[in-house]
Amino acid sequence: MMAPHELGTARLQLRRPRLDDAAAMLDYASDVEVTRFLTFPPASDISFVLEFLERCEQVWLDGSAFPWAITLHDHDELLGTVEARPTAHGVELGYVLRRSAWGNGYMTETVTAVTDWALAQDTGYRVWAYVATANVASQRVLEKAGMIREGTLHRWAQHPNMSNEPSDSYMYARWR
């Protein structure tokens with residue numbers, strides 16, 4: 001599966017992450033509320049972000065994942081990131097959005113655009129994401145993006161900002 005370097009929506013531009021995104025990324029990656037339901041702890045310094053950005057470049061090159069930086073059309077300020085992880089039959093999504101951008105519909109717009117792109121690919125039969133059962137806001141994002149909750153994945157993912165034990169997650173998907 002090949003991904004475009006940029007995707008556009010009505011308000012947003014999704015583009016490949018760049019090294020000059022590091023400071024803005026550190027701002028939200030160090031926020032305990034933003035990282036509460038993520039699978040990694042808040043970033044404590046810029047080295048964490050720089051390693052992530054290096055990983056972003058590597059996965060683009062080897063085709064194992066396609067991370068995009070989320071920005072507004074009229075302003076290149078980094079709002080967050082979304083990543084599509086292709087498999088033989090579809091794509092898994094992961095995403096994060098800075099707190100100051102919450103409540104504007106940006107992530108629903110982003111997830112919808114990436115899902116539509118993925119389902120238009122020859123091997124894009126299914127797009128899915130899992131979300132902690134306590135993460136009601138993310139559940140709403142996936143539902144508004146047209147995904148259906150398929151079930152509960154018990155003890156599925158560890159969210160170190162909530163507990164050292166794996167927690168239950170809901171699986172959401174859209175398919176063709």
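Predicted model: local features only at pLDDT ≥ 70, side-chain atom pairs only at ≥ 80, totals over all residues.
**Helix H3**
- H3 runs over residues 106-119, and at 1.5 Å a residue it should span 20 Å.
- Its end C-alpha atoms are 20 Å apart, which agrees with that expectation.

**Aromatic pairs**
- The count of aromatic pairs comes to six.
- In one of them, the ring centres of phenylalanine 66 and tryptophan 117 are 6.4 Å apart; their planes meet at 80 degrees, over the 60 needed, so the pair is edge-to-face.
- Because phenylalanine 66 lies in strand S3 (residues 66-72) and tryptophan 117 in helix H3, this pair ties together parts that are 51 residues apart in sequence.
- Both phenylalanine 66 and tryptophan 117 are buried.
- Tyrosine 130 and tryptophan 156 are also edge-to-face, because their planes are at 75 degrees, with ring centres 6.0 Å apart.
- Here tyrosine 130 sits in strand S6 (residues 126-132) and tryptophan 156 in strand S7 (residues 148-158), 26 residues apart.
- Tyrosine 130 is partly exposed at 29% relative accessibility, and tryptophan 156 is partly exposed at 46%.

- One aromatic cluster is formed by Trp60, Phe66, Trp68 and Trp117.
- Arginine 149 lies over the face of tyrosine 170, 3.7 Å from the ring centre.

**On the surface**
- Leu19, Ile46 and Leu50 make a nonpolar surface patch of about 250 Å².
- Leucine 19 belongs to the loop between strand S2 (12-15) and helix H1 (22-29).
- With a relative accessible area of 59%, leucine 19 is exposed.

Technical notes. Residues numbered from 1 in each chain as written. Heavy atoms only, no water. Helix = DSSP H or I, 4+ residues; strand = E, 2+ residues; numbered from the N terminus. Expected span 1.5 Å × (residues − 1). Patch = residues over 30% accessible without salt bridge, like charges linked within 9 Å, V, L, I, M, F, W, Y side chains within 5 Å. Areas by Shrake-Rupley, 256 points an atom, 1.4 Å probe, with all protein chains shown as cover. Salt bridge = Lys/Arg side-chain N within 4 Å of Asp/Glu carboxyl O. Buried < 20%, exposed > 50% of the residue type's maximum accessible area, 1.4 Å probe, protein only. Phe/Tyr/Trp six-rings, centres within 6.5 Å; stacked < 30°, edge-to-face > 60°. Lys NZ or Arg CZ within 6 Å of the ring centre and 35° of its normal.
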